[in-house]
Amino acid sequence: MAGRAATSSAKWAREFLFRRVSSNPLGATRNCSSVPGASSAPKVPHFSKKGRILTGATIGLAIAGGAYVSTADEATFCGWLFNATKVVNPFFALLDAEFAHKLAVSAAARGWVPREKRPDPAILGLEVWGRKFSNPIGLAAGFDKNAEATEGLLGMGFGFVEVGSVTPVPQEGNPKPRIFRLSQEGAIINRCGFNSEGIVVVAKRLGAQHGKRMLAETSGTSSSPSDDVKPGGKSGPGILGVNLGKNKTSEDAAADYVQGVHNLSQYADYLVINVSSPNTAGLRMLQGRKQLKDLVKKVQAARDEMQWGDEGPPPLLVKIAPDLSRGELEDIAAVALALHLDGLIISNTTVSRPDPVSNNPVATEAGGLSGKPLFPLSTNMLRDMYTLTRGKIPLIGCGGVSSGEDAYKKIRAGATLVQLYTGFAYGGPALIPQIKEELVKCLERDGFKSIHEAIGADHR
């Protein structure tokens, strides 16, 4: 076993090194949104020196890994790879924030990221909406907006990955610069404005991934070692969510979301109606009681009128803002219960600037704030919504998660699943196994034998 692992790992290291030397990652990155008439990747000479530093560091790690695999089994080498990313990750901070994001997505799309080979502890497994999650830690929408890197991201060990927001028609989003780091506070401000390559492009990518998995299953090349039902969804190991948005110039929001359902729902393990981004004018008005009720009814009808197999249609969730009043939360809870909504994501970014962010000069930039300063606001709101929905609706806790303890607090407050984004942007791939390991310790410390037992524990 160890010999085979060493051989395959050595082969991987050689192939990885060859790819890094023979291709230029800077020239290979994609734009965040499609630009008509663009036939090749943009030139970015401003970052070429920093890019060479990053490439050199990665090559060094590949060489070191190749030397290491001869004495390591697969699990040990896998752990080494994740830890090795801690060396590379700081170089991303030298790059412009949006360029670093593009580079990270490109790396995941090309398989230049560590792949988790170690099984998740059984205590982290759970079933939601009839879907099996190997762990409750997911990647929030906004990272892989155009479904370029789902296989690589799921392969890193996330229990689920949410792509999008996807708009019907391609749009560039707001003018650049539009992403700003607040490194000391562990926060980011963004005003991207739903930059998207559009439904057609995303549908083609998800369709290709779905077809690849179906072919693997029918040809018997699936990696499942037994006939038991394994955690995973339509895109393979792990669960895939698709986050739907509306175009900036659209006058009929419901029609945009319905179009997303018609084109993308067949590839999604769950769907999300995003009505909470602060960077699209008028979008948050859709969170009002009447507006939200009308919108959800139309989207549910569009989903239910489609032909579905035995597994039924994908669950439908709504992602809400953290800047809502108690009355607005009560309205949303009432709509969710009345229409049997499958779940709520709490929450999106905030337009507020809580301490210590308020003292940072970057705080004056317009846009939504994410990261550590959002944690208290989003978690308190999560706790309130769990009470208002009486624990009857699965909630996804999102906002400020950067450790296993953070994830555990979300779960105790009422979250069934947890998402991160900014923490991942700062911590890199090594943060994923770290959060899962810390979460296991939190559960065992308090005597819980499963995630299900801990959900909403603060309310009991």
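This is a predicted model: local features need pLDDT of at least 70, side-chain atom pairs count only at pLDDT 80 or more; totals for chains, interfaces and linings use all residues.
Residues are numbered from 1 along each chain as its sequence is written, and side-chain values use heavy atoms, with hydrogens and water left out.

**Two helix pairs**

Helices here are DSSP runs of H or I with at least four residues, strands are runs of E with at least two, and both are numbered from the N terminus. Axes are lines fitted to C-alpha atoms, for helices over the stretch in contact, and angles run from 0 to 180 degrees between N-to-C directions.

| Helices | Axis distance | Angle |
|---|---|---|
| α10 (326-338) and α11 (375-388) | within 9 Å | roughly 45 degrees |
| α12 (404-413) and α14 (431-445) | 7 Å | about 55 degrees |

So α10 is oblique to α11, and α12 and α14 are oblique to each other too. The cut-offs: under 35 degrees is roughly parallel, over 145 roughly antiparallel, 65 to 115 roughly perpendicular, and the rest oblique. α10 also passes α11 in a right-handed crossing.

Who touches whom? Contact means heavy atoms within 4.5 Å. On the α10 side, residues including Arg326, Leu329 and Leu337 meet Met381, Asp384, Met385 and Leu388 in α11. In the other pair, Tyr408 and Ile411 are among the α12 residues that meet α14, where the partners include Ile435, Leu439 and Cys442.

**A three-strand sheet**

Next up is an open sheet with the order β5-β6-β11 and antiparallel pairing. Two strands pair if DSSP finds at least two bridges between them. β5 (179-182) and β11 (368-371) are the edge strands, each pairing on one side only. From one strand to the next, the twist averages 25 degrees. Strand β6 (residues 187-190) joins β11 over four bridges, and alanine 187 stands opposite glycine 371 in β11.

**Arginine 460**

Last stop: arginine 460, in the segment after α15 (451-454). Arginine 460 is exposed, at 63% relative accessible area; exposed means over 50%, buried under 20%, and partly exposed in between (1.4 Å probe, protein chains only). A polar atom of its side chain lies 2.9 Å from the backbone oxygen of isoleucine 455. Arginine 412 is 48 residues away in sequence, yet the C-alpha atoms of arginine 460 and arginine 412 are 9.7 Å apart.

Note on methods: A polar contact is a pair of N or O atoms within 3.5 Å; within protein, one must be able to donate a hydrogen and the other to accept it, and residues adjacent in sequence count only if both atoms are side-chain atoms. A crossing is left-handed if the near helix is turned anticlockwise from the far one by less than a right angle, and right-handed if clockwise.
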